[in-house]
Amino acid sequence: MSQKIKLIFYYIFYFNLPHSRYMSFFTKMRVWYLSKILKVMPYDKKSKVENGVYISNTKGLKIGKNCRINENVFIQEAVIGDNVLIAPNVSILSVSHNHSDLSIPIVDQGDSTPNPPIIEDGVWLARNVVIMPGIKIGEGAIVGAGAVVTKNVKSNTIVGGVPAKYIKDRS
């Protein structure tokens, strides 16, 4: 079965199942589907994937063990490590719009080449974070709520703001 058909099936049957706060069985069903059918993550009983997690493309998506992905998260493509927390309404982007030719409307210039972000182990992406294409977020980093990450983030640091800037080291 092609990946697009599997994704359509995900959206029809798993995407809108209720949040796990009502019954943990629903998140287990989504984790099972992402691991066994879409094959984007290993099956792990500690992982949670809530309702409304939009997956644009499974080709460039890898999710590690013991990850918590909250509701309304948008993921184009990414490499996500183990023990990662992703709060609600996070956007992880791997493509953008081409815009270099001033004689052609941006809408007609197509998309950039996919460049999936890398989110290393133990990262926490707080609510409403936007990760731009090609960004690497180092192990143990924390990205504060509402940040737009346009540059790589060093391991064990805390960043925040628009654009995201270094705040302090974790200690």
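**A guided tour of the predicted model**

Start with contacts in the protein, where contact means heavy atoms within 4.5 Å. Among those between residues at least 6 apart in sequence, 25% join residues at least 24 apart. This is a predicted model, so local features need pLDDT of at least 70 and side-chain atom pairs count only at pLDDT 80 or more, while totals for chains, interfaces and linings use all residues. Residues are numbered from 1 along each chain as its sequence is written, and side-chain values use heavy atoms, with hydrogens and water left out.

**Whole chain**

Show the cartoon. Helices (H or I, at least four residues) and strands (E, at least two) are DSSP runs, numbered from the N terminus. Along its principal axes it spans about 45 × 45 × 25 Å.

The protein exposes about 9,400 Å², and carbon and sulfur atoms supply 57% of it. Those areas come from the Shrake-Rupley method with a 1.4 Å probe; for residues, only the protein chains shown count as cover. Of the 171 residues, 43% count as buried. Buried means under 20% relative accessible area, exposed over 50%, and partly exposed in between (1.4 Å probe, protein chains only).

**The core**

Select Tyr10, Ile80, Ile86, Ile92, Leu125 and Ile137. Of the 41 residues in the largest nonpolar core, these touch the most other members. A nonpolar core is a set of buried Ala, Val, Leu, Ile, Met, Phe, Trp, Tyr and Cys residues joined through side-chain atoms within 4.5 Å. Next, colour helix 1 (3-13), helix 2 (25-37), strand 3 (61-63) and strand 6 (78-80): each supplies at least two residues of this core. Helix 2 gives the most, with four residues.

Zoom in on Ile80. Which residues is Ile80 in contact with, leaving aside its neighbours within four places in sequence? They are Lys62, Ile63, Gly64, Cys67, Ile75, Ile86, Ile92 and Ile119.

Go to Asn66, in the loop between strand 3 and strand 4 (68-69). Its phi is positive, about 55°, although Asn66 is not a glycine. Is Asn66 buried or exposed? Asn66 is buried, with a relative accessible area of 16%.

Move to Asn83, in the loop between strand 6 and strand 7 (85-86). Asn83 also has a positive phi, near 60°. Asn83 is partly exposed, with a relative accessible area of 41%.

Finish at Pro163, in the loop between strand 15 (157-160) and strand 16 (165-169). A cis peptide bond joins Val162 and Pro163, with omega about -10°.
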